[in-house]
Amino acid sequence: MRVERVKLHENGSVARVETAGLHYRELNSILRSLVADGADRIELHGVAGQRYIGTDLDRPVQIEIFGVPGNDLGSFLDGPRVTVHGNAQDGCGNTMNRGTIIVHGMAGDITGLSARGGNIFVRDDVGYRAGVHMKEFGDRRPNLVIGGTAQDFLGEYMAGGVLVALGLTLGKSAHHLARFIGTGMHAGVIFLRGVVEEHQLGKEVGVTQPDEDEEKLLEELVTEYCGYFEVEPAKVLDQPFVKLFPLYLRPYGPLYAPTHRGIEGPVSRWKVK
Amino acid sequence: MKDILNPDNRYKDDKVTDACSLFGMMDVSGRLFSGADTVRAIANMHDRGNGLGGGFAVYGLYPDFADYYALHIMYMGRSAKDKTEVFLKDEFDVVRSEEIPIRTRPGVTNPPGLWRYFVTPRKDPCLVVSDDDLVVDKVMQANTTIPDTFIFSSGKNMGVFKGIGFPEDVADFYRLEDYEGYLWTSHGRFPTNTPGWWGGAHPFNILDWTVVHNGEISSYGINRRYLEMHGYHCTMQTDTEVAAYAVDLLVRRHGLPVSTMATVLASPLWEEVDRMPDEKREMVTALRQAYGGLLLNGPFTLIIAHNGEMIGLTDRIRLRPLSAAVKGDVLFISSEESAITLVCPDIERSWKPRGGEPVVGRLGEPVALPKEWDVQNREAVGR
């Protein structure tokens, strides 16, 4: 079975896998053995809903996906560059560590869920709760760049990382529709290009402008995005970004735990310096 | 919870994460087609269910008996059929009765007796009551008073086929390849807090209304009590049943449009209501006052169908997934987009409906795309 599905080219450095009808277990097992045998580029054709593609692969191989991969694409990803030639489903980049996921289309709900490193670039829109509970530590910091817009709860419970929505699909009104942006956010940062009203924001975020370092970071991320999707960076960078940042380190501390130093009520929410 | 020692856990996982799977497709031109694509699509989401329930609803199913109510009945005990047939003869004119053709196969075990009857209700000329109301009444009567009998499908020119097994196995069991319809919905079940039994598989039905559901309706108790006041009795031991009766009450009996029905089931949050224009705010508030008992709380994605219409709807903050796509006259609604592209690789539009906003396919009307899809409004920069 495996022999028929997998074709190797260029001394085994390039592999082509026909995945139609393959269960995700078998697919990921094929990926693991191809990576162990030294493949640099793996093309997956006829992908239809197989989950966890690329999970725990820890080498910087290139994985090209043709079709619609299933939920939790690249979960625990640790180094590869995964390119989806189409849409991705829910949970894309779940708890990823290192590497890059590039989606030439839309991505579903909870894109970048709990990511702790690596980069995700989505050409168009994402679903609900994109970037939910992304986190960072030391020099590990995930970046999620959304070319279009997001549905509700963008950056919910964010605990780190950088989330950018470029609003390129919004058209003339340039108005994001997402509600509850940054609800429960307590670290990390969100940058939005396009119009967003106060009532669309969660109670836990503040609004300001990016500083000089952040402008530089945005330029880098936008340039990388534009490189993947053939967009002119100048056309994206011509408009200012809005920066959303968390107001509190522990927004719900008093709800669930004894209050800090015996202070009652919401005043005990620790302010970010 | 899934029994992890169950032979179906073939990789001996210590934790099995599942979810229900939904798939529906409708040709709004009314063209009849086989269930092959629906079965293939729902089978592609096999891993979402655990074999404790699979089912299908088919519309345009019985054109030769389109004017008769088609009763699909499960008999769970020996004497149930005799008692029920006496009841049917008293209450209905039965023009045809037959065993539903099945094929025995591994994966579908211990089926009940499965029969179908094409009937018209026998009316008391002194009573002013519609046929539909009479049928609802008789279905409730049979399901609550005749032991071991469950009428699980009671509409005209449509039918529900459901049971214990994975949906693809249930399709094979019922020989669904022999049927055609213009609208198919399907479900693969992962029961969470109610038993997996034959009657508890989806779709749930009353008259020609069917509902398949992913999620859990935590307001079941209050919904059930509200519906009991209107003559609906819940007998299938699971939460989704209330949604089927709720749509019958709201749309058929109270005449609400689909969008208003969606506002009742997935009511907007109060802070959103506060920002609405006066007229709309008053209407939404009035709906909450009148139909508060039908608000579905908890996470849900539903595919609701009846003759001529298919509706996809999620809870207001979309805690369960829903993808929609269009190709020509065909509307697809699915838990996962990959199931759609598997059976229709060249879809024209695909989108993720916002929470609480229904996706509607209606016979003879082009599929309405969401407002965000107004192409004039989406001139992307640079491409």
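## Nonpolar core

A nonpolar core is a set of buried Ala, Val, Leu, Ile, Met, Phe, Trp, Tyr and Cys residues joined through C-beta atoms within 7 Å. A residue counts as buried if 20 or more other C-beta atoms, placed from the backbone, lie within 10 Å of its own. In this predicted model, the largest such core has 186 residues, and A:I146, B:A246 and B:L331 touch the most other members. Helix α6 of chain B (residues 241-253) gives the most to this core: eight residues.

Leave out residues up to four places away in sequence, and A:I146 touches A:V122, A:V126, A:A130, A:V164, A:A165 and A:L166. Contact here means C-beta atoms, placed from the backbone, within 7 Å.

## Chain A

Chain A has five helices and 12 strands. Helices (H or I, at least four residues) and strands (E, at least two) are DSSP runs, numbered from the N terminus. The radius of gyration of chain A is 20 Å, close to the 19 Å of the globule rule for 273 residues, so the chain is as compact as a globular protein of that length. The radius is taken over C-alpha atoms; the rule is 2.2 Å times the number of residues to the power 0.38.

Buried residues make up 52% of the 273 residues in chain A. Among its contacts between residues at least 6 apart in sequence, 40% join residues at least 24 apart.

## Contact between chains A and B

Chain A gives 27 residues to the contact and chain B 26. On the chain A side, β4 (62-68) and α4 (233-237) are the elements that give two or more residues.

## Conventions

Residues are numbered from 1 along each chain as its sequence is written, and chains are lettered from A and ligands numbered from 1 in the order in which they are written. In this predicted model, local features need pLDDT of at least 70 and side-chain atom pairs count only at pLDDT 80 or more, while totals for chains, interfaces and linings use all residues.

Conventions: A residue is buried if 20 or more other C-beta atoms lie within 10 Å of its own, exposed if 12 or fewer, and partly exposed in between; C-beta atoms are placed from the backbone. Two residues are in contact if their C-beta atoms, placed from the backbone, lie within 7 Å.
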